[in-house]
Amino acid sequence: MKILFSILTLALISSMAHAVDSEEALDDPVLQARYEKIVEEVRCLKCQNQTIKDSNAFLAGDLRREIKLMLQDGLTDDQIFDFLVERYGDFALYNPRASGKTLILWIAPALFLLGGAYVLVNIVRRRMTLPIDDDSAAED
Amino acid sequence: MWKYSIPVVLFALLILMFVKGLDPQRDVNALPSPFLGKPAPEFALPSLNDPSKTVSNATFGNGMAVVNVWATWCVGCRQEHDFLLELAESQAVPIIGLNWRDNQAEAQRWLRDLGDPYIDSAYDGDGRVGINWGVYGAPETFLVGPDGTVLYKHLGPLNRRLWQENFVPHLESAGNTE
C-alpha cells in the first residue's frame, strides 16, 4: 500500500514538472543560472498564481524573452526586477521588496511575535504575584 | 474598561476587511497601475491601418485621450466594441487603439467589419509596448490627461455605466480647471 502510494505520488509530481519554458537556453551558463532564478521569482500577471517560469500564457513568454534580452545586455538582477516593478507594481514579484508600501508585509510577523511575547510576559508576571493557595492548586 | 473595547474594534476592522474583500463587484484580477499620476510611457509604433504612419504619444494631442488596448483574440474587446463606437461618435474624447499581440491582417479586418472607433491604432505585434505600459490582459483602457499623465486605468470590458462612473469625473474636473 505504501509503495503504491509513493508510486502514485511520484507520478503526480513528474506530470507537474513538465517544463513550459522550452525556449533555447542562453549560451553563457552563468547567465542561464541567473535567468532560471529570476523567472521563478516573477509572477505571471495573466495567471496570478503561477510564476512566469511555469506559465504558458503568452505574456509570460514575452516577459521571459525580455528578461533574457536584459541579461544579455548586462543588466543586474536588481535592474531587471526594477523594470518589472516599474511596469506591473510590487505584485509582480513573489518576493516583494521591503520598501514603502510593502514594508508592513515584512515587519508584520515580527510585530505579531512581539505582541504575543508581551501578552505572554504579562500573564506570567501576573500569575507570579498570585498567592499560591490550596484553592488554585485544587483547580489545576 | 477600555480593555474590553479592543476585541470589538478588531472585530469591526475584520468585518470591514471582509466587506471590502468579498465585494462581488470587485475584480480580483485588477491590479493598481503603477503609472497612475505618472507620465504615460513613451512609445512610437507603426499605425495598424497604414504602417507608413507612426502612432506615438504625440497622437494624444493637447487634451484628454483614451488609450484602449485591444486584440482580435480578446473576447472582452468584442463586448466593449459597440460602446467604443458610441463613445467615438459622441466625440467626448479621442480614442487611440493599441492593437496588442495580434495578427495585423485580422486586426485590420476586425476594424473594417465592426467599425473603427479609434482615431488611430498602434500595431504592437511583439507586445513590447504593451509590457512598457504594464498591460497584462486586454481589454485595458487608460485615460491620459492633457499633460500626458495617466489619470485612470480600467481593466476589462468597458460599458456606459463604468465609463460614467470612472472616466467622466476625470473629464469633468479637467474641463472645470481649464
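Let's start with chain A. It has 6 helices and 0 strands. From the N terminus on, the order reads α-α-α-α-α-α. Keep in mind throughout that this is a predicted model.

How much of chain A is buried? Of its 140 residues, 14% count as buried. Now the contacts. Take those in chain A with a separation of 6 or more. Residues 24 or more positions apart make up 42% of them.

On to chain B. Here we have 5 helices and 7 strands. Along the sequence the pattern is α-β-β-β-α-β-α-β-α-β-β-α. So much for the order; next, the dimensions. The C-alpha trace of chain B spans about 75 × 40 × 30 Å along its principal axes.

Burial again, this time for chain B. The chain has 178 residues, and 33% of them count as buried. And the contacts with a separation of 6 or more? In chain B, 75% of these come from residues 24 or more positions apart.

Let me zoom in on one piece of chain B, a strand pair. Strand 6 of chain B covers residues 140–144, and strand 7 of chain B covers residues 150–155. How do these two strands run, parallel or antiparallel? They run antiparallel, and 5 bridges join them. For a landmark, find Glu140(B) on your screens. Opposite Glu140(B) stands Leu155(B), in strand 7 of chain B.

Strand 6 and strand 7 of chain B form a hairpin, with 5 residues between the strands. Which residue there takes a positive phi? That is Gly148(B), with phi near 85 degrees.

Last topic: where the chains meet. On the chain A side, 13 residues are in contact with 11 residues of chain B. Which helices of chain A each supply at least two residues to that side? Helix 3, residues 58–72, and helix 4, residues 77–88. Helix 3 of chain A gives the most, with 5 residues.

To recap. Chain A is helices with 0 strands. Chain B has both, 5 helices and 7 strands. In chain B, strands 6 and 7 pair antiparallel, and Gly148(B) sits in their hairpin with its positive phi. Between the chains, helix 3 of chain A gives the most to the side touching chain B. And once more, the model is predicted.

Key
Residues numbered from 1 in each chain as written. Chains lettered and ligands numbered in written order. Predicted model: local features only at pLDDT ≥ 70, side-chain atom pairs only at ≥ 80, totals over all residues. Helix = DSSP H or I, 4+ residues; strand = E, 2+ residues; numbered from the N terminus. Buried ≥ 20, exposed ≤ 12 C-beta atoms within 10 Å, placed from the backbone. Contact = placed C-beta atoms within 7 Å. Pairing = 2+ DSSP bridges.
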